Amino acid sequence: LYQQRYSSTRQIEKLQQQTQEYRQIIARLSSERRVADLLALDQRRTQEGIQQTTVLFVEYARDGSTLPPRSFVIDGEMAHLDAKVIKFESNLVKENDPLRGHSIALFTRIYGDMEAPERGHRIDLPGQVPLVYRGADPRISRFEQDLWKTFWRLADEPSMRQQAGVRIAQGEGLWWPIETEKLYTVTIESDGGLNLMWEPLRGIYREALKETARFAPPATGPTSTSAGIAPER
């Protein structure tokens, strides 16, 4: 009786442990991480009738902290945000691998539907380490930057992906009708790609933006600005 009861207790404990592990795996596979917020600071019509939107772009670093905000002026009713996305093998996500336990994205450019994509605003300047790695573990920074350097080879060569534990390497784009008084949030799934959600802007921020817009200069033609970055037109 003692052995039978002890054995049953051990089996129950083992099943409970397995259940907990399964729950953790499911949570890791279905989790999402916020990677950027976007906000339409101001919208105006040019003399040619084109809608111009000043977009505030705030990216989140690998340690979860916010990066310095940047602003871009885009032309058109729709905002486009392009990125390179790397998705790792599901078993690495399940095991919560320290380097490959979550999909990663590197934003490349933002532009409006009245602009040619190749003339879109670059998120990071060429030849510089992307701001997203500020404060990140140096091992993560080096590992991910090496992946970005060989990104299109990863996308094209199965052997390279297998060696790096990469399931998919591809470009992804988000586009949506951008409006004021909405906060747009971009997330990335641990085992998937990019998602876009929005929520109404809270009252205090809405009033602050209205006050800021009162002193903004009128839009007169195709222009672009970015905090700390020269126009790229």
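Modeller: Let me begin with the criterion for pairing: two strands pair if DSSP finds at least two bridges between them. Please bear in mind that this is a predicted model.

Colleague: What makes β2 and β3 a pair, and which residue is the bridge partner of threonine 53 in β3?

Modeller: Strand β2 is joined to β3 (residues 70-75) by 6 bridges. At least two are required, so the two strands count as paired; they run antiparallel. In β3, isoleucine 74 is the bridge partner of threonine 53.

Colleague: How do you know that β1 pairs with β2?

Modeller: The same test applies. Between β1 (residues 32-45) and β2 there are 9 bridges, and the threshold is at least two, so this is a pair as well. These strands also run antiparallel. Glutamine 43 stands opposite threonine 53, and alanine 40 stands opposite valine 55. The two strands form a hairpin with 5 residues between them, and glycine 49 in the turn has a positive phi of about 85°.

Colleague: Why are β3 and β9 called edge strands?

Modeller: The open sheet has 5 strands in the order β3-β2-β1-β8-β9, with antiparallel pairing. Each of β3 and β9 (194-200) pairs on one side only, and they are the edge strands. On average, neighbouring strands of this sheet are turned by 30° against each other, direction ignored.

Colleague: What makes β2 a mostly covered strand?

Modeller: A residue is buried when its relative accessible area is under 20%. In β2 (residues 51-59), 7 of the 9 residues are buried, so the strand is described as mostly covered. For the protein, with its 233 residues, buried residues make up 40%.

Colleague: Which residues does leucine 38 touch?

Modeller: Leaving aside residues up to four places away in sequence, leucine 38 touches several residues, among them Val55, Leu56, Phe57, Leu81 and Val186.

Notes. Residues are numbered from 1 along each chain as its sequence is written. This is a predicted model: local features need pLDDT of at least 70, side-chain atom pairs count only at pLDDT 80 or more; totals for chains, interfaces and linings use all residues. Side-chain values use heavy atoms; hydrogens and water are left out. Buried means under 20% relative accessible area, exposed over 50%, partly exposed in between (1.4 Å probe, protein chains only). Helices (H or I, at least four residues) and strands (E, at least two) are DSSP runs, numbered from the N terminus. Axes are lines fitted to C-alpha atoms, for helices over the stretch in contact, and angles run from 0 to 180 degrees between N-to-C directions. Contact means heavy atoms within 4.5 Å.
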